[in-house]
Amino acid sequence: MITALSDDTSRLRATVDFVSAQDSETLLPLLLPGLDGPELRALVERCRFAHAALLVFPPDARALDATLAACGLPPGAPPRPSVVVRDRLALRHHRAAADLDVRILRPAVRGRDGRPRTVEVFTLTVPPGSDLTPVAERERARQEEAHVAFEVVAPDPLILRGLRASFARHGAEPDGGGYNPHENGTVFYFTAPADAKADHRRIELYAPGDHRDQLGAHLDAFRTGQPAETLLRLLTGAWTTQALAVFAELRVPDAMETERAVDAEALARAVGADADTLAVLLRHLAGLGVVTDEPPAGFRLTPLGVLLRADDPGSMRALAQMYGGPFYTSFGALAHTVRTGEVAFEHVFGRHHFDHFARDPELAALFDRSMAASRRMFAPLPAHPVLAAAARGPGGATVVDVAGGNGELLTHILATHPGLDAVLLERPHVIEAARTRLDAARCTFVPGDFADVPSGADVYLLSRVLHDWDDARCRDILRHIARAMPAGADLLIVERLLPTDGSPSLAPAWDLHMRCNVGGRERTADHYARLLADAGLTLVDHSPLPLDARVLHARRSGSGDGEGVSS
């Protein structure tokens, strides 16, 4: 133990001396050979040398305090959890992340230029005889968490992309990273090029705030060189689905607070769970940013986790229950769909999912709530030019929502456009739920099927309907609507479009989901254009919506709809 403590002390003292002696202008060219002139000046303006880091392994808290004191460092604030380093250690040593209590503290150091800096000290407590001793020995020998860090000044997407490009141009390679919700900061790690003249082989770019949009591209580049890690993360994705579903099902988010941490035992009593196992679940979710782990106080709910509360206006709780419930079960028979082309849901439950849900009122209500949970997808739709133009008409206008669920979309459209009236065509049991949401003075409720589309309206809506069906059924649905549409009427269709250029998209995953669970499919814009043409309709254009969706605008062929399709 004395030898280990002494080794940690000497390493920490050397790091303190290094931080005191360096600045951005001298350190960056050592790390990135060939960097000079205007590019160096630009990087120095954007990247401020902030700290050097190392990982130490004290046997207890008193030993850590002694190590800090021996290096002239004030203890400062209590250590906070380090999600990024914990997860890296877990992968490297094949350990459960929940078993590695990695902490971080940042004692202050004054640089030679007078600017304040820090030494970033990661700590993993390893008592004598602990099974973590081999982890500590290997990490001390390899120093894989030692790095130098530069804080990005006023980060934004353009600046972060430029910095990442500059590092890559001078031979630095992506080496992981992550978002730490405990301090609301995003970390981009790089491996220094082989010809770097600095002793540190890892570089960190630290960007205050949540920049996970930029982090995704950085991690994708990193994982191309880490196939085993990438595959392991993919293989355990089902665990995360269930963790989120159970978290929502037990109403744990409803028992948590966003401003104050609550301990696991209190939460367990509130929701009727085992305290130890609930704590393990919450630590896993902390690594995903759903909660924060704030020992010894407990766990605090993040804005991401708030979306799983039952009463949140944007609640996605029902979606978590569906994806972790019936659809999770049927996805277990995906092989049946891939082998035969048949619907796995029907193979597992014995009937089509609409029929299955109709026989279980609670399940049917859950499905309708899960559809409404994607309301962000159509939030901008009421502002679509077609609806705005209809609302400006001198005599008012009528919008028909075909298979419009519980009326969520129509509610937003009618609230946005007081001059519009509406018709909701749906199954009888769904209409009963919609009556509580929609104003009967402005909305007519029509129980029925696709063959019962009311005629004579100004705008028709099909929101996330066509992807439920095969091409033949889609043609039938569109022909029913086309026959009901007067000349000059418009049809708006909300769907995800499959990309044709290999670009990232949610649509391929939903294509698999639809084939496995519903018997439908996602389609390209050209595919929809052909289906519309078969029904006597022309695709005028399509425009983006949130959650990777598009709104397609169609009119009856020959109605002066123009030519071409915009993207």
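These legends describe close-up views of one predicted protein model. Residues are numbered from 1 along each chain as its sequence is written. Because the model is predicted, local features need pLDDT of at least 70 and side-chain atom pairs count only at pLDDT 80 or more, while totals for chains, interfaces and linings use all residues; side-chain values use heavy atoms, with hydrogens and water left out.

**Figure 1. The whole chain.** The protein chain has 26 helices and 18 strands. Helices (H or I, at least four residues) and strands (E, at least two) are DSSP runs, numbered from the N terminus. Along the principal axes, the C-alpha atoms fill a box of roughly 85 × 60 × 50 Å. Of the 567 residues, 50% are buried. Buried means under 20% relative accessible area, exposed over 50%, and partly exposed in between (1.4 Å probe, protein chains only). Among contacts with a separation of 6 or more, 65% join residues 24 or more positions apart. A contact means heavy atoms within 4.5 Å.

Figure 2. A search of the whole structure finds 2 cavities of 30 Å³ or more. A cavity is a set of points, on a 1 Å grid over the protein atoms alone, where a 1.4 Å probe fits but cannot get out; lining residues have an atom within 4 Å of a point. Grid points are joined across faces, edges and corners, and a volume is the space filled by probe spheres set on the points. The largest cavity has a volume of about 90 Å³. It is lined by 14 residues, and the closest to its centre are Ile104, Arg106, Phe122, Val187 and Tyr189. At least two lining residues come from each of α5 (83-93), β5 (116-124), β8 (185-191) and β9 (202-208). β8 gives the largest share, 3 residues. The lining holds 7 nonpolar, 3 polar and 4 charged residues. Here Ala, Val, Leu, Ile, Met, Phe, Trp, Tyr, Cys and Pro count as nonpolar, Asp, Glu, Lys and Arg as charged, and the others, Gly among them, as polar.

**Figure 3. The second largest cavity.** This cavity holds about 40 Å³ of space. Its lining includes Arg11, Leu54, Leu55, Phe57 and Glu139. Arg140, Gln143, Glu144, Glu145 and Ala146 also line the second largest cavity. Two or more lining residues come from each of β1 (47-56) and α6 (133-142). By class, the lining has 4 nonpolar, 1 polar and 5 charged residues.

Figure 4. About 300 Å³ of space lies in the second largest pocket. A pocket is an open set of grid points with protein on both sides within 12 Å along at least five of seven lines. The pocket is lined by 21 residues, and the closest to its centre are Arg103, Arg283, Asp293, Pro295 and Phe299. α5, β3 (102-105), α13 (275-286) and β11 (298-301) each supply at least two lining residues. α13 gives the most, with 3 residues. The lining has 12 nonpolar, 3 polar and 6 charged residues. The peptide bond from Pro295 to Pro296 is cis, with omega near -5°. Pro296 lies in the loop between β10 (291-294) and β11.

**Figure 5. Helix α24.** The 14 residues of α24 (residues 471-484) should span 20 Å at 1.5 Å a residue, and the end C-alpha atoms are 20 Å apart, which agrees. The expected span is 1.5 Å times one less than the number of residues. Cys474, Ile477, Leu478, Ile481, Ala482 and Ala484 are the buried residues of α24. They cover an arc of only 160° around the axis, so they lie on the same side of α24. The arc is that of the directions from the helix axis to the C-beta atoms. Elements that cover these buried residues include β12 (397-402), β15 (459-463), β16 (490-495), α26 (525-534), β17 (537-545) and β18 (549-556).

**Figure 6. Helix α4.** In α4 (residues 61-70), Ala63, Leu64, Thr67 and Leu68 are buried. Their arc around the axis is only 140°, which puts them on the same side of α4. Arg62 and Ala69 are exposed on the other side of α4.

**Figure 7. Two loop residues with positive phi.** Ala154 has phi near 50°, a positive value in a residue other than glycine. Ala154 lies in the loop between β6 (147-152) and α7 (157-169). Asp548, also a residue other than glycine, has a positive phi near 65°. The loop between β17 and β18 holds Asp548. Asp548 counts as partly exposed because its relative accessibility is 35%.
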